[in-house]
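Dear colleague,

I am passing on the structure we spoke about, and my notes on what was found in it follow below. Please read them with the coordinates open beside you.

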Amino acid sequence: MSAGDVIRLSAAQLAEKLTAGELSSVEATQAYLDRIEAVEPRVNSYLHISKDALDTAAKVDSDRAAGEKLGPLAGVPIAIKDVLCTQDMPTTAGSRILEGWVPPYDATVVARLRRARLVPLGKTNMDEFAMGSSTEHSAYGPTRNPWDLDRIPGGSGGGSAAAIAAFQAPLALGSDTGGSIRQPGAVTGTVGMKPTYGGVSRYGAIALASSLDQVGPVTRTVLDAALLHDVIGGHDPRDSTSIPDAWPSFADAARRGAASGSLDGVRVGVVKELGGDGFQQGVSERFAQALEVMEKAGAQIVEVSAPHFTYAIAAYYLILPAEASSNLAKFDSVRFGMRVTPPGGGTVEDVMAATRELGFGPEVKRRVILGTYALSAGYYDAYYGSAQKVRTLIQRDFASAFEQADVLVSPAAPTTAFKLGEKLEDPLAMYLNDVTTIPANLAGVPGMSIPMGLAPEDGLPTGLQLMAPARADARLYEVGATVEALLEQSWGHSILSKVPALVGGDN
Amino acid sequence: MSEITTEQVAHLANLARIALTTEEIEKLTGELGVIIDSIATVSEVATPDVPATSHPIPMSNVFREDVVGATLTTEQAIAGAPEHDGSRFRVSAILGEEQ
């Protein structure tokens, strides 16, 4: 098997070959490291490449050869979003203020993937502190979309999504506060899953907005996402918002869904407010076709209304900055990260202010100031208090929609990937990219993005979002895997098989 | 248009401990005005009868046993600090001369 074939296997296929002894983890890891070296100068998905990957892989191979019982993804390489603490690699969250910082501990999700013997390849690029929808707010330069290098890969997790689409990793971890897993999935033709809030530990994930953040899988297939979710999910006593329930096997759910080929009896709710004006024509067309495919497979399509979703972005841009301005107060030049002493010295407050001025980029400053404003005496009730009420109304909209439908669907992003620089100077236009993904974060429900086909007008990927009630993540994997299989049958190929070559002789 | 002034932004920057430049304050003043006008729409539906939600999946009284868990050593805790004396974080003067 050539290295080019190895990197095109899904994680599930690669895992099978590793288990069967047809391929070693060292061979697979080397194939990915070579690929990263070849395309990284053009894509810029990674902020750091692990120096230990081959050693980690060799240890898995020798333990396997010694007959040790290993988990299903043992030996499979993985990329880790730079918002997650890693004891052996720098963790910057895309910010200058944390340049070179090596955390003294692993995030729980990282510890779990090490325990499951996955092979960390490196850390992926992101908008600074996960604030953005394009990865252009990274302090280390933007990541480029493998479908068109002049376009954005989505954000904040553009590095993870681009690494998957450019075959620089078979699996990646992301984090999703308002769409940072799902929107990059949509614009890169990959799969992204935001679990139920509390389904995956946030311990060691550098907090953006604590009541919205969730860590989740970024992959090429629904089954791969399910396999990774099985590894990272479940209760963590170190995260007091972690749900203590036992979870079913998501991989079993995905396999069931892929095998069934039928959506008989599944009620699919189309959210009226998450479409129409402001959605690119090709996105709307592909969405209509996806609905047809689902209906042909037996799904019952119902239109549902969620009237308060219209207010979701407004509520989100009050709640997020409020929480972020509090969370980012820890970057105070004392315990970690950079310190800038103003000319002539100064008090600790002067040093903090000078450090944060040079250490934070423009979007972080914008949101910290906005959050400080929203939390100010005299404005608190009108802004932050009202936003929390909207959150209640959105939860009620979901509750009534889920009385009429088993899953809700919408496009995962209103447009295909836009050009680098196009929305950088217009914060409001940038914020609108998350119009379809934000409601799930406000309500804590799970949301998944899967490829929905290429938009006819520009040949770029579109994404389908599926949402389920809180704790019904397995339903998303089951239905998601069915829809994925049905759509690929209707096209006759997977979307990623159409991603353009990035290097000579590559196809 | 909301009434955000440069003085207000300068005050917020001081509260947030970010030494913004004059140019940054001017640019942010315009941007914040536009953003706040847009997000102020939340008050249209936030009527007094609607309770507030702070947390998507409510959980209360999440406690653990009061025993020593796995913690960082002093060495680990100060390893990433810009300045330390071997066992403590070192900072600049807390008070200015006039205080």
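A nonpolar core is taken here as a set of buried Ala, Val, Leu, Ile, Met, Phe, Trp, Tyr and Cys residues that are joined through C-beta atoms within 7 Å. Please keep in mind throughout that this is a predicted model.

On that definition, the largest nonpolar core comprises 187 residues, and those with the most contacts inside it are Ile78(A), Ala315(A) and Leu318(A). The greatest contribution to this core comes from helix α11 of chain A, residues 312-327, which gives eleven residues. Leu318(A), leaving aside residues up to four places away in sequence, touches Ala374(A), Tyr383(A), Tyr384(A) and Ala387(A), and also Ile39(B) and Val42(B).

As for the interface, 47 residues of chain B are in contact with 59 residues of chain A. On the side of chain B that touches chain A, α1 (6-15), α2 (22-39) and α3 (74-78) of chain B each supply at least two residues, and the largest share, seven residues, is that of α2(B). By class, this side of chain B has 33 nonpolar, ten polar and four charged residues.

With best wishes

How values were computed
Residues numbered from 1 in each chain as written. Chains lettered and ligands numbered in written order. Predicted model: local features only at pLDDT ≥ 70, side-chain atom pairs only at ≥ 80, totals over all residues. Contact = placed C-beta atoms within 7 Å. Helix = DSSP H or I, 4+ residues; strand = E, 2+ residues; numbered from the N terminus. Nonpolar A, V, L, I, M, F, W, Y, C, P; charged D, E, K, R; others polar. Buried ≥ 20, exposed ≤ 12 C-beta atoms within 10 Å, placed from the backbone.
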